Amino acid sequence: MSLKQQLPLLWELAKRDLWERYSGSSLGALWSIIYPLVAIFIYLVIFANIMGAKLPGSSNVYSYGIYLIAGVIPWTAFASTVTRASTVYLDKKNIISKIPVDLNCFPLYIVMSESMIFAITVAIFFVFLFVTGYTFTPLVLFIPLIFAIQQLFAYALGSILGIFVVFVRDLKEAVNVIFQFWFWLTPIVYVAEILPEFAKPLTEINPGYWFIGGYQQILSYQAMPNFGALAFLLLVTVALMFCKIKFMRMMERDLRDCI
Amino acid sequence: MIRIQGVSKKFKIYATPADRLKEKILRRPCHHEYAALSDISFEVGPGETLGIIGENGAGKSTLLKILSGILLPDTGSVEVTGKITGLLELGTGFNPELTGLQNIFMNGTFLGMTHEEIEAKKDTIIGFAELGDFINEPIKTYSSGMLMRLGFAIAIHADPECFLVDEALSVGDAYFQQKCMRKIQEFKESGGSIIFVSHDMNAVKVLCDNAIMLEKGEIIIGGYPKEVTDYYLNYIVKKMNQDDGVCKTRITQNQRNKTTTSDLIHDAIKLVDIQILTDDGREIGHCISEDTITIKQIYSTKIYLEEPHFGFFIRNRFGQVIFESNTYCMSIKTMPVPANSTVTVFFTIMVPLIPGEYSISLGISNKGIKGTRGDFKEYLGIFNDVKNISILKNDNSIQYGGIFNMNPTVNFMVNE
């Protein structure tokens with residue numbers, strides 16, 4: 001089946017995914033707005049007005065809040081995409097063992113649904129920014145590009161992990177642990193400059209920072225993202241994608257038997 | 001059309017899932033294999049129905065899963081034209097939290113329908129399933145029969161070219177099963193290919209054009225449904241035989257109409273002769289409906305039979321059993337038969353059957369098991385279709401349809 005034929009299926013799965021998350025609750029999908037709303041409010045208002053945290057060298061009260069949110073929102077999208085894609089074959093075993101569906105659909109719909117949540121969250125964030133008197137630059141137009149590369153990377157990574165997790169169930173927990181570490185190893189809560197000298201090269205080889213740094217550059221420093229790093233990320237993604245295709249070809253039969 | 005060629009499937013059984021990884025890394029086999037299917041080939045053309053029978057664990061479900069694309073075969077090719085849907089087990093990928101209607105959309109999308117197509121067919125599907133207000137309730141509140149109704153309704157309306165039916169159909173109530181059967185027939189007439197898995201031999205005989213029987217993942221016999229189901233029933237009888245090892249199944253080819261029959265035979269027992277006789281002892285090949293006839297059978301035995309029982313069954317041209325009974329079921333005490341002797345049995349019956357071609361089959365066994373409805377300790381022989389008889393129209397009788405004349409009487413009462 002071509003991608004075009006699968007589009008209705010992907011759309012339906014993603015829609016259901018968003019709906020199911022809060023199914024049974026009376027506010028329903030409204031929760032997917034309430035959560036980011038609260039988070040952004042806390043970061044922006046509490047950090048700025050109550051704790052008075054600021055970025056080094058900045059006089060704007062909201063500078064740290066903006067920096068933090070610029071990193072946390074895409075990171076959350078990235079981490080959720082990868083961790084959820086890594087368990088999607090197990091979560092959807094009742095479908096995979098009953099209906100013939102292209103296995104690639106499953107991580108793909110997670111990418112779609114997490115991207116939708118990201119879009120909603122960013123929209124809310126921008127409203128907050130607007131209210132605080134933030135001046136937008138045309139640089140924000142690069143955000144969708146960075147996000148696209150990031151999610152492609154997340155798709156490839158999540159799919160590969162997803163195949164492994166079917167055979168080694170412990171990996172599911174391991175992925176969560178690794179993501180905890182990865183979050184704190186990436187300059188999201190702190191700025192890269194405060195890292196001790198020996199740790200700085202770590203950010204260079206951290207694929208997470210290749211894209212997170214881009215958002216921070218655009219939103220906090222109103223500067224061009226590091227296109228070199230992004231191009232490299234794209235290259236890594238292409239390589240991972242090849243691995244994923246090859247790997248899927250090798251393991252699909254076993255995977256279906258195992259589920 | 002469905003065409004499969006040399007399909008084999010082995011399941012690897014590992015002690016733990018991690019062994020699978022160990023095997024891949026160490027390149028040392030850590031599993032034992034279980035052959036679920038070996039070298040299966042068949043073809044189902046447009047408008048044809050193939051029946052698949054076999055015991056539990058014979059590989060029927062694995063075969064259906066491979067056909068539908070849920071599992072991939074190790075070797076061999078599977079060719080399916082158009083869309084293949086079906087009713088495989090219950091709750092085919094339904095989400096228990098969603099309502100029936102939402103599941104129609106979800107399931108329909110999985111079966112490759114677009115939103116518009118589902119929107120257009122939604123009412124037909126709901127109408128077919130006849131779930132009433134339950135369609136707006138979450139699936140988790142459904143009974144298994146209701147799930148099956150919904151599953152079938154979606155699958156058949158998804159515009160398939162090939163349709164798979166398995167035992168799940170038997171969950172439905174009699175009314176809905178009939179409705180499904182009519183729909184399947186309709187689908188067949190419009191040129192669809194059907195694979196029908198069932199334990200109901202009569203349904204297989206009536207619905208299918210061809211049948212295969214699977215045992216331990218292999219096709220052990222394939223052909224006309226009647227031949228295959230006979231073989232299957234013999235196989236079951238042989239298995240039930242407590243004194244096993246003596247009986248074997250013999251397949252004979254009938255050159256005249258190129259059909260095969262499979263009989264259960266015992267070396268010591270022989271059916272010497274069978275005749276159909278009129279009241280006055282003439283041998284006949286046809287009779288008039290509602291006549292009385294006698295089936296005379298002569299067996300020779302080399303062994304002593306302590307408590308032999310004799311039976312017969314009459315089948316119509318579809319192979320459907322119209323009547324069957326035996327001396328044990330008729331509560332008749334039989335006398336012992338000494339070794340190296342012959343025994344002649346006469347069954348006298350009245351045949352109020354609708355005109356047509358019928359066949360007579362015979363069975364002989366030893367020692368009935370108390371409390372059962374005709375199970376025996378030893379089955380000594382089943383001889384399928386040993387005699388044919390044409391039943392002709394009785395001009396003195398009423399006109400009727402169906403299987404036999406129930407000889408109705410009628411009374412009127414008119415109240416003003």
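**Where the two chains meet**

Guide: Happy to. Please keep in mind that this is a predicted model. Between chain B and chain A, four residue pairs are in polar contact, both partners being at pLDDT 80 or more.

Visitor: Which helix of chain B gives the largest share of the side that touches chain A?
Guide: Several elements of chain B take part: strand 1 (2-14), helix 1 (17-26), helix 2 (60-68) and helix 3 (100-110) each supply at least two residues of the side that touches chain A. The largest share of that side is six residues, and the element that provides them is helix 3 of chain B.

Visitor: How many nonpolar residues are on the side of chain B that touches chain A?
Guide: Chain B places 35 residues in contact with 26 residues of chain A. Sorted by class, the side of chain B that touches chain A has eleven polar and eight charged residues, and the nonpolar ones number 16.

Visitor: What area is buried between chain B and chain A?
Guide: The size of an interface is often given as the accessible area lost when the parts come together. In chain B, Arg20(B), Ile70(B) and Phe110(B) lose the most area to chain A, together 25% of what that side buries. Carbon and sulfur atoms give 63% of the area buried between chain B and chain A, which is about 2,700 Å².

Visitor: Which residue of chain B forms a salt bridge with Arg253(A)?
Guide: Three salt bridges are counted between chain B and chain A. In the one formed by Arg253(A), the closest N and O atoms are 3.8 Å apart, inside the 4 Å cut-off. The partner of Arg253(A) is Asp74(B).

Visitor: Is Arg256(A) buried or exposed?
Guide: Arg256(A) is found in helix 10 (residues 227-258) of chain A. Leaving aside neighbours within four places in sequence, its contacts include Ile96(A), Val101(A) and Leu103(A) as well as Gly69(B), Ile70(B), Leu71(B) and Leu72(B). Because its relative accessibility is 7%, and the cut-off is under 20%, Arg256(A) counts as buried.

Visitor: How many residues of helix 2 of chain B are buried?
Guide: Among the buried residues of helix 2 of chain B are Lys60(B), Thr62(B), Leu63(B) and Leu64(B). Helix 2 of chain B is followed by Gly69(B), with a positive phi near 90°. The helix has nine residues and is mostly covered, the number buried being seven.

Visitor: What share of the residues of chain B count as buried?
Guide: Chain B has eight helices and 19 strands. Its C-alpha atoms fill a box of roughly 85 × 75 × 45 Å along the principal axes. Of the 416 residues of chain B, the share that count as buried is 51%.

Visitor: Where is the nearest cysteine sulfur to Cys162(B)?
Guide: A search of the whole structure finds zero disulfides over all chains. Cys162(B) is in no disulfide, and the nearest cysteine sulfur is 15 Å away, in Cys208(B).

Visitor: Which residues is Ala203(B) in contact with, leaving aside neighbours within four places in sequence?
Guide: Ala203(B) lies in helix 7 (residues 201-207) of chain B. At 14% relative accessibility, Ala203(B) counts as buried. With those neighbours left aside, Ala203(B) is in contact with Phe196(B) and Cys208(B).

Notes: Residues numbered from 1 in each chain as written. Chains lettered and ligands numbered in written order. Predicted model: local features only at pLDDT ≥ 70, side-chain atom pairs only at ≥ 80, totals over all residues. Heavy atoms only, no water. Contact = heavy atoms within 4.5 Å. Buried area = accessible area lost by both parts, 1.4 Å probe. Salt bridge = Lys/Arg side-chain N within 4 Å of Asp/Glu carboxyl O. Polar contact = N/O pair within 3.5 Å; in protein donor to acceptor, adjacent residues only side chain to side chain. Helix = DSSP H or I, 4+ residues; strand = E, 2+ residues; numbered from the N terminus. Nonpolar A, V, L, I, M, F, W, Y, C, P; charged D, E, K, R; others polar. Disulfide = S-S within 2.5 Å. Buried < 20%, exposed > 50% of the residue type's maximum accessible area, 1.4 Å probe, protein only.
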